[in-house]
Amino acid sequence: MKKQVISSRQFTIIVTLYTAGTGILIIPASIANEVQQDAWIVATIGTILSLLLIKLYIILSNKMINLSLVEVTEKFLGNFIGKFISICFILLTLLSSGELLYFIGNFLQTEVMPETPPVVFAILFSFIILFTAYHGIEVFARTLEILFPVFLFIFIIFLFFVSPQIDIKQIQPVFEVSFTSLIYSVLHFMGLFSFPLIVLLMIFPSSLNNLQSGKKGFYTGTLIGGLIITSFIVLSILVLGVTNTSLRTFPSYTLAQKISVGNFLQRIEIIMAFMWMVTIFVRAFMYFYASLIGISQLLKLKDPRPLILPLGMIAIALSQVVHQNIIHSDKYNQQTWPLYIAFFSILLPFLLLILAKFKSIKNKAVNSADRKPDQT
């Protein structure tokens, strides 16, 4: 399979929709439950701090050349430790792809078709992911170029129709949250919003045609994605109130149900659900694609496509066992997931940078030692 390359513009779109991801649906409720009306402050701080994380990844990308995260991990940490950590990373992304299939099934059964088993939605949605994975990252990026303008149009219409129901008193008083709760909520927000960006190092910078523009796109996409999620948090609190936002499983969907224009334009929330399906598709695909490419690189396969169907079947199976119910899912996302993803998103990049610096110093020392006999 020939190497596939995407443009910096396409990468920016991927980052934007990837960061929005499932956060559009679940972040407003979880953050509002922790810090009440100050949830928008948490989202703002978390988005700004995420730029530091992007800076870390960009510094690491300068050491990666045309390598993916799995390849550079094996290069710097050796065959045994490097492969072990890579396998753990692949297992995490594969488990996460199955979790998102569960999330899709749960959302559609709860809000759209309650009599349909969630596994049906998981299977149907996985077909789209597998078909896209078969054609590769280029086709995926081109598809998003078509979907992104539609996503933005629906998002703007959503803001326009919901804004008349805003009650500014719902967000007052400001800065009532304690410092401890603020720090915890910021980490929780980043665990869902920006920590998973480490997965994009499977295609950044190895699949980009312009690294410099891609770096700018990394920052731009993260900022836009943060703005989108912050907008949903603010609107949920201003329209639904803190109590309703924190008690709803999917407050953003409830927000769309509030749209009513002249008692004529109503019940259009299923159209608004298109936004959320696009972002969930992007994140689910990137998790699955990272697993696919990571396994093929570990096994030194030239063509990863024979692995698509087996991995897809595993992802569907995982979607049925990964969570017992939505309560277990919420608890996992609040307590377990941030710890797991923090290792790969923070500790691993720092470790790789330290090893890269150490090897660079060692190589310089060896080269200088080799030159001394020539000079004499």
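Predicted model: local features only at pLDDT ≥ 70, side-chain atom pairs only at ≥ 80, totals over all residues.
A pocket, as the word is used here, is an open set of grid points with protein on both sides within 12 Å along at least five of seven lines.

**Stop 1**

Select A29, S30, R248, D330 and Q334. Among the 18 residues that line the second largest pocket, these lie nearest its centre. The volume of this pocket is about 280 Å³. Now colour helices α2 (23-35), α8 (179-193), α10 (242-247) and α14 (326-375), each of which supplies at least two residues of the lining. Helix α14 has the largest share of the lining of this pocket, 6 residues. Sorted by class, the lining of the second largest pocket holds 8 nonpolar, 8 polar and 2 charged residues.

**Stop 1: the largest pocket**

Next, select K3, Q4, Y289, I293 and Q297, the residues nearest the centre of the largest pocket, which has 19 lining residues. The space in the largest pocket comes to about 450 Å³. Which helix gives the most to its lining? Show residues 269-298: this is helix α12, and 4 residues of the lining come from it. The classes in the lining of the largest pocket are 8 nonpolar, 7 polar and 4 charged residues.

**Stop 2: the largest cavity**

Rolling a probe the size of a water molecule over the atoms shows where empty space is left. Over the whole structure, 2 cavities of 30 Å³ or more are found. Helix α5 has the largest share, 5 residues. The lining of the largest cavity divides into 7 nonpolar, 4 polar and 2 charged residues.

**Stop 3: the second largest cavity**

Select S97, L101, S126, I129, L130, A284, F288, G312 and A315, which line the second largest cavity. Its volume is about 50 Å³. At least two lining residues come from each of α5, α6 (118-135), α12 and α13 (308-321). Helix α6 gives the most to the lining of this cavity, with 3 residues. How many charged residues does the lining of the second largest cavity have? There are none; the lining has 6 nonpolar and 3 polar residues.

**Stop 4**

Is I123 itself buried or partly exposed? I123 has a relative accessible area of 33%, so this residue is partly exposed.

**Stop 5: salt bridges**

Side chains of opposite charge can pair when their charged atoms come close. The whole structure has 4 salt bridges, and the tour visits some of them.

Start with R9 and E145, whose side chains meet in a salt bridge at 2.3 Å, N to O. R9 is in helix α1 (residues 8-20) and E145 is in helix α7 (residues 137-162), so this pair ties together parts that are 136 residues apart in sequence. E145 is partly exposed, its relative accessible area being 24%.

Remain on helix α7 for the next pair. Select R142 and E138, which meet in a salt bridge through their side chains at 3.5 Å, N to O. What separates the two residues along the helix? About one helical turn, because R142 and E138 are 4 residues apart in helix α7. R142 counts as partly exposed at 48% relative accessibility. E138, with a relative accessible area of 19%, is buried, because buried means under 20%.

Finish with E74 and K83. Their side chains form a salt bridge at 3.9 Å, N to O; the cut-off for this contact is 4 Å. E74 counts as buried at 12% relative accessibility, whereas K83 counts as partly exposed at 31%.

Notes
Residues numbered from 1 in each chain as written. Heavy atoms only, no water. 1 Å grid on protein atoms, 1.4 Å probe; cavity = no way out; pocket = protein on both sides within 12 Å on 5 of 7 lines; lining within 4 Å. Points joined across faces, edges and corners; volume = space filled by probe spheres on them. Nonpolar A, V, L, I, M, F, W, Y, C, P; charged D, E, K, R; others polar. Buried < 20%, exposed > 50% of the residue type's maximum accessible area, 1.4 Å probe, protein only.
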